[in-house]
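Look at the model first, then read on.

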Amino acid sequence: MAVTLADVAARARVSAATVSRVLSGNYPVAESTRARVLRAVDELEYVVNGPASALAAATSDLVGVLVNDIADPFFGIIAGAVQSEMGSAMGAESGRHGEKLAVICNTGGSPERELNYLTLLQRQRAAAVVLTGGAVEHPDHMAAVAAKASRLASSGTRVVLCGRPPIEDAVTLTFDNRGGARRLTEHLLTLGHRRIGYVAGPAERTTTRDRLEGHRAAMSAAGLDEGKQRLTVHGLYDRSSGYDATLELLRRDQALTAIVAANDTIALGVCAALRDQGLRIPDDVSVAGFDDLPFSADAVPALTTVRLPLHEAGARAGRLALGREPQPPGGVAMVRSELMARASTAPPRAAG
C-alpha cells in the first residue's frame, strides 16, 4: 500500500498541513519540526505526487546530474556531455527514451546536500540520476547513498555513477585514477627525479585516495618510501590550494625537483607559486597535473598530465541513464587514462 501524507504526519507527530508546508518549502517551519518531517519522509520512503504526466508512468522526464562544482571544468565537461545526450534521442524513439530535462544539482561538495538532492529527485520520480566525481569516504554517508540509490532503482529510476566506486543498484563508470597517477609519477622517475612533492585533494574523497595511492605505489617501487608523508600536502581541488601547498612543500624541502598535482587546476597554482619564487618550469622544478582539462595544452609551458576522456565518459553515462546503451558486464566499466607528456616536465638539472 502506498504511503500517504497522513502516514508521514503520524510518524512525525505533526499535522498533515505541517507536512505539506515542509515539503512545499513555501512556509516557515521550525527547524526541529522540519527535520522530524524529513526524517519520517525518508524512513517511510514517501514519494510526493509529481506532475500529472509523471503519474501516468513510472517516472517523469527529469534526469538529475549531481556535481560538486559546476564551475570546475572537470564537472562542467561531464555534465555538459550528459546533458547533450538528453535531447539526442528524438524521432522514432519517443516516450521514455525521448528527450529528457537534465537538471544540474550543484552539491558544493556537501554530503548532506548530495543526500537531499537524491531525496528530491526520488520525490520527482526522476527517470535517471547521474552522480559524478569522487565520493566522500565516510561509512555513514556511503551507506546512506547506497540506500537512496536502492530506493531510486526500486521505483524505476536508473542510477549511473561516473567517476565513483561501484555500489549496488547502479551502473558505474570508474576512472583509472590509481593507474594514471602511477604512470605519471613513473614518468618523472624515469626522467631522473627523486625529490618529488605531491599536492593532494581533500583527504576524505575517493579520487584523492586513488590518485595518491598510485603516486605512492610508483615511489615505493623505486625504493623512495622515506619521507612520503612529509612531501604530501592536502588541500582543495583549486588553484589557491596548489599555490599555498607549493610554498609549504618548498619550505619542507628546498631541493625538490618535481611537484605532482592531483588535478590540472591545482597544477596552475603550483606553477604560479614557483614563478613567484623565481623558479623556472621545468628547468628548476618540473610540474605535472591530472585530467587534461582544456587549458592544459595551452599553459606555458604546456602541462604534462593524465588524460581522462571526460566528455566521452559523460556522454556514455547519459546513454546509460536513458537505457540507450547496454550495461557493461557486471554493471561496471573502467574509463582508461592516458599519459600526456608535455613541456612542463624534463630531467632534473645536475647539482652544482
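Predicted model: local features only at pLDDT ≥ 70, side-chain atom pairs only at ≥ 80, totals over all residues.

The side chains of Arg-316 and Glu-325 form a salt bridge, 2.7 Å from N to O. The term means a side-chain nitrogen of Lys or Arg within 4 Å of a carboxyl oxygen of Asp or Glu. Arg-316 is partly exposed at 25% relative accessible area. Glu-325 is buried at 19%. Buried stands for under 20% relative accessible area, exposed for over 50%, and partly exposed for the range in between (1.4 Å probe, protein chains only).

Residues are numbered from 1 along each chain as its sequence is written, and side-chain values use heavy atoms, leaving out hydrogens and water.

The structure holds 23 salt bridges. Three of them are listed here.

| Pair | N to O distance |
|---|---|
| Arg-316 and Glu-325 | 2.7 Å |
| Arg-209 and Glu-137 | 2.4 Å |
| Arg-209 and Asp-210 | 2.9 Å |

Arg-209 is partly exposed at 27%. Glu-137 is partly exposed at 31%, whereas Asp-210 is buried at 14%.

Now the strand. Strands are DSSP runs of E, at least two residues, numbered from the N terminus. Five of the five residues of S6 (residues 196–200) are buried, so the strand is largely enclosed by the rest of the structure. Ile-196, Tyr-198 and Ala-200 lie on one side, Gly-197 and Val-199 on the other. S6 runs parallel to S8 (residues 258–261), joined by four bridges. Gly-197 stands opposite Ile-259 there.

Technical notes: Pairing = 2+ DSSP bridges.
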